Amino acid sequence: MNPDSDTLVTALYVRVDDLLAAHPEWAPRRPAVGIAPKLSDAELVTLAVVSALLGFCSEARFIRWATAHLKPWFPYVPQRSGYNKRLRRSGELMQHVIAALARECPSFFDDVWLADSTPVECGRSRETQQRSDLAGWAAYGYSASPSRHFWGLRLHLITTPSGLPIAYALAGAKADERDMCLEMIARAQIARRGQTLIADKGYRSAAFEDALNAAGIALIRPATKTEQPRPGRQFLRPLRQIIESVNQTLKAQLGPQRHHGRTRSGVAARILQRLLALTAAIWHNQTTQQPRPARSLIAYDH
């Protein structure tokens, strides 16, 4: 790894270790009597971030690479099966760490949010869809970007203009974007008056806009052909480009489409792993006042 990656790995491990010391309830549950794991939870989370930032889609390949190159930082690297089981049980821990790191970023308090969703394909063959553990959660949906139907989930995101994930949800491909947006805001308890939410035409709904207004959040979205010009339209083009850039960072560099998850916990853990990697990079860039864009991963992907 390069010096920037080394610095991020060290800072992230120390911060996660401190967070776990302050909040031991965040750690995955273990039997009261048993052998203490050789790899700590802070080390596991840090390894997961390294894997995502370096673009590994195969856990077997990452474990081989980590065993050969990361011994100075991680004296013990588990086998692939052990790493996979621990990662799947650490979904709640990763959610806590994402929330904690996000709140330490200056951009967390930005008064503008961007909302969008991106497809997470989970299978193509009919046999996979019928036998998959994801059946009943994953569904058929349509992606306008590549203009094709897919079977899987959608990753719903609310971010700041810097790309920092403020709230997120993984839902079936047919889930309504507006309902998911309101649910994310309520679950994350982030609603505050004076906030502005920028979204696309898919978020058009009088009930949705009324719910946002009741929480003190103004919605800016493109007007349809039958509507009068809406306020704030001058901000749409530059800020919509930013949310597209955030999604492109996720898809091209962190690869949520290449998650290779076959179970619900496996898919959720791998998507959380990538969101944590994005959050950790932004957290490090902002808290150390790096000159590069906050959401830039270039310094950490090699």
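In which loop is the place of Phe 109? Phe 109 sits in the loop between helix H5 (91-103) and strand S1 (112-123); helices (H or I, at least four residues) and strands (E, at least two) are DSSP runs, numbered from the N terminus. The model is predicted, so local features need pLDDT of at least 70 and side-chain atom pairs count only at pLDDT 80 or more, while totals for chains, interfaces and linings use all residues. Residues are numbered from 1 along each chain as its sequence is written, and side-chain values use heavy atoms, with hydrogens and water left out.

Phe 109 counts as exposed, at 57% relative accessibility. Here buried means under 20% relative accessible area, exposed over 50%, and partly exposed in between (1.4 Å probe, protein chains only). Not counting residues up to four places away in sequence, Phe 109 touches Arg 103 and Arg 192, where contact means heavy atoms within 4.5 Å. From C-alpha to C-alpha, Phe 109 and Thr 160 are 8.6 Å apart in space, and they are 51 residues apart in sequence.

Helix H3 (residues 59-69) has the buried residues Glu 59, Phe 62, Ile 63 and Ala 66. These cover an arc of only 100 degrees around the axis, which puts them on the same side of H3; the arc is that of the directions from the helix axis to the C-beta atoms. Arg 61, Arg 64 and Ala 68 are exposed on the other side of H3. The partners against which the buried residues of H3 pack are helix H2 (41-53), helix H4 (80-88) and helix H10 (264-287).

Two of these partners, H2 and H4, pack with their axes 11 Å apart and at an angle of about 100 degrees. Axes are lines fitted to C-alpha atoms, for helices over the stretch in contact, and angles run from 0 to 180 degrees between N-to-C directions. H2 and H4 are therefore roughly perpendicular to each other (angles under 35 degrees count as roughly parallel, over 145 as roughly antiparallel, 65 to 115 as roughly perpendicular and the rest as oblique). On H2, the contact is made by Asp 41, Leu 44, Leu 47, Ala 48 and Ser 51, and on H4 by Tyr 83, Arg 86 and Leu 87. By class, five nonpolar, one polar and two charged residues form the contact of H2 with H4. Ala, Val, Leu, Ile, Met, Phe, Trp, Tyr, Cys and Pro count as nonpolar, Asp, Glu, Lys and Arg as charged, and the others, Gly among them, as polar.

H2 also packs with H10, at an angle of about 85 degrees and with the axes 8 Å apart. H2 and H10 are therefore roughly perpendicular to each other. Val 45, Ala 48, Val 49, Ser 51, Ala 52 and Leu 53 of H2 make the contact with Gln 273, Arg 274, Leu 276, Ala 277 and Ala 280 of H10. The contact of H2 with H10 has eight nonpolar, two polar and one charged residues by class.

The loop between H9 and H10 holds His 259 and Arg 258. His 259 counts as buried at 3% relative accessibility, whereas Arg 258 counts as partly exposed at 33%. The side chain of His 259 reaches the backbone nitrogen of Gly 261 at 2.8 Å. Residues touched by His 259, not counting those up to four places away in sequence, include Val 120, Cys 122 and Arg 274. Under the same exclusion, Arg 258 touches Cys 57, Lys 251, Ala 252 and Arg 274.

In helix H8 (residues 206-214), the buried residues are Phe 208, Glu 209 and Leu 212. They cover an arc of only 95 degrees around the axis, which puts them on the same side of H8. Exposed residues Ala 206, Ala 207, Asp 210 and Ala 214 are carried by the face turned away from that buried side. The buried residues of H8 pack against helix H7 (177-188), strand S5 (195-198) and S6.

Arg 221 lies in the loop between strand S6 (217-220) and helix H9 (236-254). With a relative accessible area of 3%, Arg 221 is buried. The side chains of Arg 221 and Glu 227 are joined by a polar contact of 2.9 Å. A polar contact is a pair of N or O atoms within 3.5 Å; within protein, one must be able to donate a hydrogen and the other to accept it, and residues adjacent in sequence count only if both atoms are side-chain atoms.
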